[in-house]
Amino acid sequence: MFCFLPSTMGLFQALQFEWPEPESQDQACDLYPIQASLTDWHNTLYNQLPSAQYDRGIWPSSPELLEAMRAALADQRGNYAGDALAYSLVRCGCRRSETVAALSAWDAQLFRWSAAGFSARDLLTKFEKIGVAGNPSDEDLARLDGWLADPTAALANYGCGNITGTILKGKAFSASLYSSGDDLEYDSLFRDMASHAGLSALITNVEQVAMHDATEDFTALAKAQLNQLVPVELTSRPLFAEPETFWKIQFDVDGRSENIFVPGNYSSMNDVGLALHFDALMARLNRPERVMRFADGRNDSGSFWGRYIIGPPQELTALCGELGIPLMPFTGTEAC
């Protein structure tokens with residue numbers, strides 16, 4: 001006989017949510033039923049509440065439900081079920097420090113900045129000091145100040161896309177990482193990297209070569225590039241270890257003609273592989289900036305988009321750490 005944790009069962013009872021009894025220890029420890037119970041409750045509220053209250057207001061709850069969510073959160077901190085529990089508690093008006101601390105990084109951000117007394121202008125100044133501030137309008141800064149004044153009201157839709165659209169507006173950029181049939185846009189992402197680094201890059205050709213069609217010379221040249229660039233900790237990733245295909249990108253940059261080979265598959269972009277090549281190009285040009293990628297937010301996961309910035313890696317990593325802006329371990333460089 002396998003059972004969910006008592007706190008999980010208490011959550012189900014408080015939400016009047018039914019889920020089949022687990023048939024194995026793995027099922028008993030599965031986080032998905034917790035998230036499913038909360039999603040079901042969120043959908044009920046969505047259908048019951050006025051849209052403004054659902055999006056920006058405090059959700060109604062009972063003392064029993066709050067205690068059940070807190071008990072479940074105590075057992076689920078640091079995973080996606082814990083993120084969902086903390087989010088749900090905050091949406092019900094809970095501002096306990098341990099609850100805010102359990103929020104996912106993007107969700108916790110506004111509460112921490114608000115508690116620290118930061119204004120939008122304060123945050124912009126911090127990025128100006130390391131040379132990566134964007135060009136937000138007065139309206140953009142006013143919107144961020146509004147979020148800081150009432151973080152709960154901004155929480156429903158807050159995530160990576162919002163911060164990159166305010167204090168990093170014009171500096172950060174994004175790319176679609178998946179394709180359902182069209183070619184992956186390696187050339188577009190490479191152009192964005194070059195443009196945001198202030199390089200003049202002209203892509204002259206992009207060629208996709210399947211591994212089973214590649215000549216020995218092509219394979220040898222592509223693998224030689226990989227051996228020079230890919231850190232050991234990345235070599236086990238399927239996109240590097242067993243690529244289905246290579247993208248050959250020919251380009252001219254600052255009067256120099258180059259070819260790069262990015263391994264991958266047919267449906268997902270190897271943005272790490274492309275960034276490794278770009279970082280190596282920047283190093284050869286004696287440029288200190290590198291490509292960095294922001295971590296996904298609660299609303300970003302599964303959206304198949306990557307969001308990036310070009311900047312000095314040590315300074316930017318330090319500032320993002322100070323402000324709680326999550327970065328992905330990206331190209332394997334020491335700074336990331």
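**Helix packing, burial and salt bridges**

Modeller: Helices α8 and α10 are roughly perpendicular to each other, because angles from 65 to 115 degrees count that way. Keep in mind that this is a predicted model.

Biologist: What is the angle between α8 and α10, and how far apart are their axes?

Modeller: The angle is about 85 degrees, and the axes are 8 Å apart. Helix α8 covers residues 105–116, and helix α10 covers residues 138–149.

Biologist: Which residues make the contact?

Modeller: From α8, L110, W113 and S114 take part. From α10, the residues are L144, W147 and L148.

Biologist: How many of those are nonpolar, polar or charged?

Modeller: Five are nonpolar and one is polar.

Biologist: Switching to α16. How do its residues compare with the length they should span?

Modeller: Helix α16 has 14 residues, 271–284. At 1.5 Å a residue they should span 20 Å, and the end C-alpha atoms are 20 Å apart, so the two agree.

Biologist: How many residues of α16 are buried?

Modeller: Twelve of the 14, so α16 is largely enclosed by the rest of the structure. Among the buried ones are D271, L274, F278 and M282.

Biologist: What follows α16?

Modeller: N286 follows, and its phi is positive, near 60 degrees.

Biologist: Back to D271. What does D271 form a salt bridge with?

Modeller: Its partner is R293, with the closest N and O atoms 2.9 Å apart. D271 sits in helix α16 and R293 in strand β5 (residues 290–293), so the pair ties together parts that are 22 residues apart in sequence.

Biologist: Is D271 buried or exposed?

Modeller: D271 counts as buried, at 5% relative accessibility. R293 is buried too, with a relative accessible area of 9%.

Biologist: How many salt bridges are there by this count?

Modeller: The count comes to nine. One of the pairs is R70 with E67, at 2.9 Å from N to O.

Biologist: Where do R70 and E67 lie?

Modeller: Both are in helix α5 (residues 63–76). They are three residues apart, about one turn of the helix. In an α-helix there are 3.6 residues a turn, so residues three or four places apart point the same way. E67 counts as partly exposed, at 45% relative accessibility.

Biologist: And what about R256 and E258?

Modeller: They form a salt bridge, and the closest N and O atoms are 3.5 Å apart. R256 counts as partly exposed, at 36% relative accessibility. E258 counts as buried, at 12%.

Biologist: Which residues are linked in a network of salt bridges?

Modeller: D140, R143 and K169 are linked that way.

Biologist: New topic. Where is L49 found?

Modeller: L49 is in the loop between α3 (32–48) and α4 (51–56). At 16% relative accessibility it counts as buried, because the cut-off is under 20%.

Biologist: What is L49 in contact with, leaving aside neighbours within four places in sequence?

Modeller: Y54, W59 and P60. L49 and P60 are eleven residues apart along the chain, and their C-alpha atoms are separated by 9.2 Å.

Biologist: Last one: T8. Where is T8 found?

Modeller: T8 is in helix α1 (residues 6–15). T8 is buried, with a relative accessible area of 3%. Leaving aside neighbours within four places in sequence, T8 is in contact with I34 and Q76.

Note on methods:
Residues numbered from 1 in each chain as written. Predicted model: local features only at pLDDT ≥ 70, side-chain atom pairs only at ≥ 80, totals over all residues. Heavy atoms only, no water. Helix = DSSP H or I, 4+ residues; strand = E, 2+ residues; numbered from the N terminus. Buried < 20%, exposed > 50% of the residue type's maximum accessible area, 1.4 Å probe, protein only. Contact = heavy atoms within 4.5 Å. Expected span 1.5 Å × (residues − 1). Axes fitted to C-alpha atoms, helices over the stretch in contact; angles between N-to-C directions. Parallel < 35°, antiparallel > 145°, perpendicular 65-115°, else oblique. Nonpolar A, V, L, I, M, F, W, Y, C, P; charged D, E, K, R; others polar. Salt bridge = Lys/Arg side-chain N within 4 Å of Asp/Glu carboxyl O.
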